[in-house]
Amino acid sequence: MAYDVAAVRAHFPALREGAAHFDGPGGAQVPDVVGEAVRATLTSAVSNRGSVTAAERRAEEIVQTARRTMSEFLNAGSIVFGRSMTQLTYDFARTLSKNWRPGDEIIVTRIDHDANIRPWVQAAEAARATVRWAPFDRTTGELPVESVTKLLSDRTRVVAITAASNLLGTRPDVAEIARAAHEAAAFVYVDGVHYTPHVPVDVEALDADFFVCSPYKFLGPHLGVLAAAPELLETLRPDKLLPSTNAVPERFELGTLPYELLAGTTAAVEFMRGLDGLEEHELGLREQLENGLRELGVRIYSKASSRTPTVLFSVDGLDPAEVYRRLGAEGVNAPAGHFYALECSRWLGLGDKGAVRAGIGPYTDESDVDRLLKAVAKLR
């Protein structure tokens with residue numbers, strides 16, 4: 001059955017404002033069912049989790065349903081919830097680094113979002129460990145497997161790698177990198193924030209020890225999610241309050257969980273599950289967009305053979321911020337910048353200004369792409 005984008009768009013009240021949204025990589029618009037799940041939870045009787053009162057049982061059910069739903073969605077083990085992917089990564093970098101010693105090594109890449117770089121760099125500095133940097137190909141936007149694996153040694157403790165670049169869309173071969181890393185007895189920490197909205201996720205197939213993502217990138221509320229095997233989480237001892245439980249995964253969650261956001265996350269996953277043909281729809285629109293931009297003589301940086309429906313581009317002679325502003329005046333939301341992939345932007349030679357990023361999502365249609373192309377044509 002063909003992907004019915006019109007039926008999908010009908011679930012997004014935000015689209016009634018009339019803008020063409022290519023800003024999804026920074027945070028997707030939210031369908032009505034997610035907003036209703038958040039509203040219903042906030043206005044229902046809930047309290048701290050327990051089994052005595054109806055309010056306690058309701059809170060417990062919301063949490064357990066969200067954990068089960070995310071675990072199935074990612075084909076993963078235990079689910080840890082946090083305020084954001086960044087917060088979770090800082091927490092786990094601090095926890096893992098308790099066992100590092102001077103001379104140990106951590107591998108990060110130039111293509112990653114800073115949230116999967118800086119926590120590891122700073123933890124390494126505190127432990128006097130060595131940071132090793134994996135470069136990507138500036139011309140193709142590819143991160144070759146050997147760019148990472150050649151850095152492995154018997155002192156490697158963590159390989160931090162993205163499943164999809166939030167700036168270029170590049171999808172490295174995570175499973176092959178993870179296989180080599182595990183042969184070196186290193187943990188693999190995968191940033192799946194930009195990957196999860198566009199690709200069916202299978203954490204087991206990726207062979208990731210830790211996989212993190214953000215529901216607000218796949219039509220949900222602002223939250224962070226980490227998936228890992230419960231047996232692995234049992235070996236880790238995070239800093240926590242004395243009275244808080246030592247059970248996994250709760251020992252990693254600081255304070256009371258936001259029940260309304262968990263309910264919204266469950267609703268977002270259920271909505272995503274109903275989007276049959278999404279990947280083909282998004283990649284078809286990406287091809288339409290890239291072909292149109294090439295015809296306009298626009299410089300495109302997203303060139304990897306495997307990538308998400310995300311296009312990074314610039315218009316010669318125009319500052320990226322000016323392109324962003326002028327597109328916005330045409331009702332086209334395609335922001336510019338480095339989008340916290342600072343190392344990636346600098347490695348590309350774009351400095352801290354970056355370029356314009358157009359992200360295609362479940363609610364993008366052909367008319368949105370046409371509007372973007374027509375708006376860019378006016379810049380020439």
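In which sense do E3 and strand E4 (residues 130-134) pair, and over how many bridges?

**View 1. Pairing of strands E3 and E4.** In the predicted model, E3 and E4 are paired in the parallel sense, over 5 bridges. Within this pairing, valine 108 has tryptophan 133 of E4 as its bridge partner. Strand E3 (residues 105-109) is mostly covered, with 5 of its 5 residues buried. Both faces of E3 are covered: Glu105, Ile107 and Thr109 are buried on one side, and Ile106 and Val108 are buried on the other.

View 2. Helix H5 spans residues 118-127, and its buried residues are Pro119, Trp120, Val121, Ala123, Ala124 and Ala127. Among the elements that cover these buried residues are E3 and E4, together with helix H4 (85-96), strand E5 (156-162) and strand E6 (187-191). Just after H5, arginine 128 adopts a positive phi of about 60°.

**View 3. Packing of helices H2 and H10.** Helix H2 (residues 32-42) packs with helix H10 (residues 259-273) at an angle of about 155°, and their axes lie 8 Å apart. Angles over 145 degrees count as roughly antiparallel, and H2 and H10 are therefore roughly antiparallel to each other. The crossing in which H2 passes H10 is right-handed. On the H2 side, Val33, Val34, Ala37, Val38, Thr41 and Leu42 make the contact; H10 contributes Tyr259, Glu260, Ala263, Gly264, Ala267, Ala268 and Phe271. Classified by residue type, the contact of H2 with H10 comprises 10 nonpolar, 2 polar and 1 charged residues.

View 4. An open sheet is formed by 4 strands in the order E9-E10-E13-E12, with antiparallel pairing. Strand E9 (299-300) and strand E12 (336-337) are the edge strands, each pairing on one side only. Strand E10 (residues 310-314) and strand E13 (residues 355-359) run antiparallel and are joined by 4 bridges. Phenylalanine 313 has valine 356 of E13 as its bridge partner. Helix H11 (residues 278-295) packs on the sheet and touches E9, E10 and E13. The direction of H11 makes about 15° with that of E10.

Key. Residues numbered from 1 in each chain as written. Predicted model: local features only at pLDDT ≥ 70, side-chain atom pairs only at ≥ 80, totals over all residues. Heavy atoms only, no water. Axes fitted to C-alpha atoms, helices over the stretch in contact; angles between N-to-C directions. Helix = DSSP H or I, 4+ residues; strand = E, 2+ residues; numbered from the N terminus. Parallel < 35°, antiparallel > 145°, perpendicular 65-115°, else oblique. Left-handed = near helix turned anticlockwise from the far one by under 90°. Contact = heavy atoms within 4.5 Å. Nonpolar A, V, L, I, M, F, W, Y, C, P; charged D, E, K, R; others polar. Pairing = 2+ DSSP bridges. Buried < 20%, exposed > 50% of the residue type's maximum accessible area, 1.4 Å probe, protein only.
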